[in-house]
Amino acid sequence: MKRVLFVCLGNICRSPTAEAVFKKHFAESKIESYFASAGTAGYHIGERSDPRTIQHGEARGYTMDHLARQFTDKDFEDFDLIFAMDDSNYENILKLCRNAQDKSKVHKMASHCSIKGIKLVPDPYYGTAKDFENVIDILESCIDPVIERFYR
Ligand code: 4NP
């Protein structure tokens, strides 16, 4: 079974949303996979997701029960695919790669987004409700392309 890790900066907004969105849609499609999330920074370790992440996620039918944790190089052993939410997350993960195999697991989430012109999953932390909804829209649009690319 493929093990997939979503990574953002704080692990309280984008990556726990990705985890919840993918868990629900894969369960509904009856595709088996394991999903988790982490942050490159340690600011929020052990905390529940941002209240806005929980509010918008739950309003759209997702289970928002993640507790934040920090990405470590052990994640290269525990996961098959690692999706970075933006270019900064991507570069920070690459810096922790120990070899070519680690590197081959790291992808940009928005490279698999079906909304035209989307190059990253923008950080909503200093944003508004609209920005949190946008994160969910982008992540939902990544599901079918990810299935096509990695599960067919
Ligand atoms: P996330 O958003 O990376 O999507 O979880 C952020 C959460 C917290 C902070 C920045 C971004 N922060 O600076 O604490």
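The ligand sits in the largest pocket of this predicted model. The volume of that pocket is about 160 Å³. Its lining includes a run of residues: Cys8, Leu9, Gly10, Asn11, Ile12, Cys13 and Arg14. Tyr43 and His44 also line the pocket. Asp123, Tyr125 and Tyr126 complete the list. By class, seven of the lining residues are nonpolar, three are polar and two are charged.

The surroundings of the ligand were examined next. Cys8, Leu9, Gly10, Asn11, Ile12, Cys13 and Arg14 are among the residues around the ligand. Tyr43, His44, Asp123, Tyr125 and Tyr126 surround the ligand as well. This shell divides into seven nonpolar, three polar and two charged residues. Arg14 and Asp123 are the charged members, because Asp, Glu, Lys and Arg count as charged.

In arginine 14, an N or O atom of the side chain is 2.7 Å from a ligand oxygen. Isoleucine 12 takes part through its backbone: one of its backbone N or O atoms lies 3.0 Å from an oxygen atom of the ligand. For aspartate 123, the distance from a side-chain N or O atom to a ligand oxygen is 3.2 Å. Taken alone, the ligand exposes 360 Å². The protein buries 92% of that area.

Methods: Residues numbered from 1 in each chain as written. Predicted model: local features only at pLDDT ≥ 70, side-chain atom pairs only at ≥ 80, totals over all residues. Heavy atoms only, no water. 1 Å grid on protein atoms, 1.4 Å probe; cavity = no way out; pocket = protein on both sides within 12 Å on 5 of 7 lines; lining within 4 Å. Points joined across faces, edges and corners; volume = space filled by probe spheres on them. Near = heavy atom within 4 Å. Polar contact = N/O pair within 3.5 Å; in protein donor to acceptor, adjacent residues only side chain to side chain. Areas by Shrake-Rupley, 256 points an atom, 1.4 Å probe, with all protein chains shown as cover. Sits in = over half its atoms within 2 Å of the grid points.
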